[in-house]
Amino acid sequence: MFSRWSNSHHNKENDSLQQESKIKELQAAIGPLSGRSLKYCTDACLRRYLEARNWNADKSKKMLEETIKWRSTYKPEEIRWHEVAVEGETGKVYRASFHDRHGRTVLILRPGKQNTTSLDNQLRHLVYLIENAILNLPETQEQMAWLIDFTGWTLSTSVPIKSAHDTINLLQNHYPERLAIAFLYNPPRIFEAFWKIVKYFMDAKTFQKVKFVYPKNTESVELMRSYFDEENLPTEFGGKAVLEYNHEEFSKQMSQDDIKSANLWGFDDKLQCIGNRHSGSDVAPEPVCLAPSAS
């Protein structure tokens, strides 16, 4: 028995050494970084990209380089709540006040509460909340959980296929290994047609993280409850907590988190306010605060 433990321990050590070696290999392949890219590419970050590409350094390098390029143009860490707040008025996506049993941040998505038509702004809002979920992770945790409530969902409120494709790509390509689990709670039968198309956009790893929960299917309910305390789980997901989304309160919380984010990324948060040059006519002009670029 001791011999078996010793072998197992030895194998774990070997795996750990090999992984460290791969991280160093990827670091060297990426080359010198500066500013926000350097801040982004921590060892934990490189590990997630390697994990997503089955520890293939070449594939991980390509994936990470594409994210660095995307982040330098999209600038997700610069999005501020007041820029996307209109998207959040109905609480269609928000960060929950509770965590799952593993301490993960929880995002609640309620697609039936769609309130806008600009797909770009909807995606920007989601990116903001993904970044916010990551910002609020405890030190011991790297992943978040999603709870998706289908109350009020119809084909007319569903996102177009292209938008679903863009969202899945964004999550898979630029936030690898950030999603631990996504529970789709009681989707209507008509959702199956939508799902049949959407699931083909997912890689195998993401697909395995998506779980359907039906109140009458005991096994699926038990799986969800293995992740969530029933006392924390909202009644919409079969739990006991009564949660009301309060946009004003949530906005205050997000504004405080914007300061926390600015400090994390090293912005000078005596932010320079300049006139909004947003080209979308559906966005009311208001001062937008842009942080200076990191050197």
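A disulfide is a pair of cysteine sulfur atoms within 2.5 Å. I kept that cut-off at hand while going through this predicted model, where local features need pLDDT of at least 70, side-chain atom pairs count only at pLDDT 80 or more, and totals for chains, interfaces and linings use all residues. Residues are numbered from 1 along each chain as its sequence is written, and side-chain values use heavy atoms, with hydrogens and water left out.

**Cysteines**

I looked for disulfides and found 0. Next I checked burial (buried is under 20% relative accessible area, exposed over 50%, partly exposed in between, with a 1.4 Å probe and protein chains only). Cys 41 counts as buried at 11% relative accessibility, and Cys 45 counts as buried at 0%.

**Leu 26**

I then went to helix H1 (residues 2-30), which holds Leu 26. Helices (H or I, at least four residues) and strands (E, at least two) are DSSP runs, numbered from the N terminus. Leu 26 is buried, at a relative accessible area of 0%. Which residues does Leu 26 touch, leaving aside its neighbours within four places in sequence? I noted Leu 46, Leu 50, Ala 57, Ser 60, Lys 61 and Leu 64, taking contact as heavy atoms within 4.5 Å. I also looked up Trp 55, 29 residues from Leu 26 along the chain; their C-alpha atoms are separated by 9.8 Å.

**H6 and H11**

Helix H6 (residues 119-135) and helix H11 (residues 247-264) have axes that come within 11 Å and cross at roughly 70°. Axes here are lines fitted to C-alpha atoms, for helices over the stretch in contact, and angles run from 0 to 180 degrees between N-to-C directions. That makes H6 roughly perpendicular to H11, a label for angles of 65 to 115 degrees. On the H6 side I listed Tyr 128, Leu 129, Asn 132 and Leu 135; the residues they meet in H11 include Phe 250, Met 254 and Lys 260.

**H10**

Last, I turned to helix H10 (residues 218-227), where Ser 220, Val 221, Met 224 and Tyr 227 are buried. They lie on the same side of H10, because they cover an arc of only 115° around the axis; the arc is that of the directions from the helix axis to the C-beta atoms. The face turned away from that buried side carries exposed Glu 219 and Glu 222. The cover over the buried residues of H10 includes strands E3 (144-149), E4 (179-185) and E5 (210-213).

Methods: Parallel < 35°, antiparallel > 145°, perpendicular 65-115°, else oblique.
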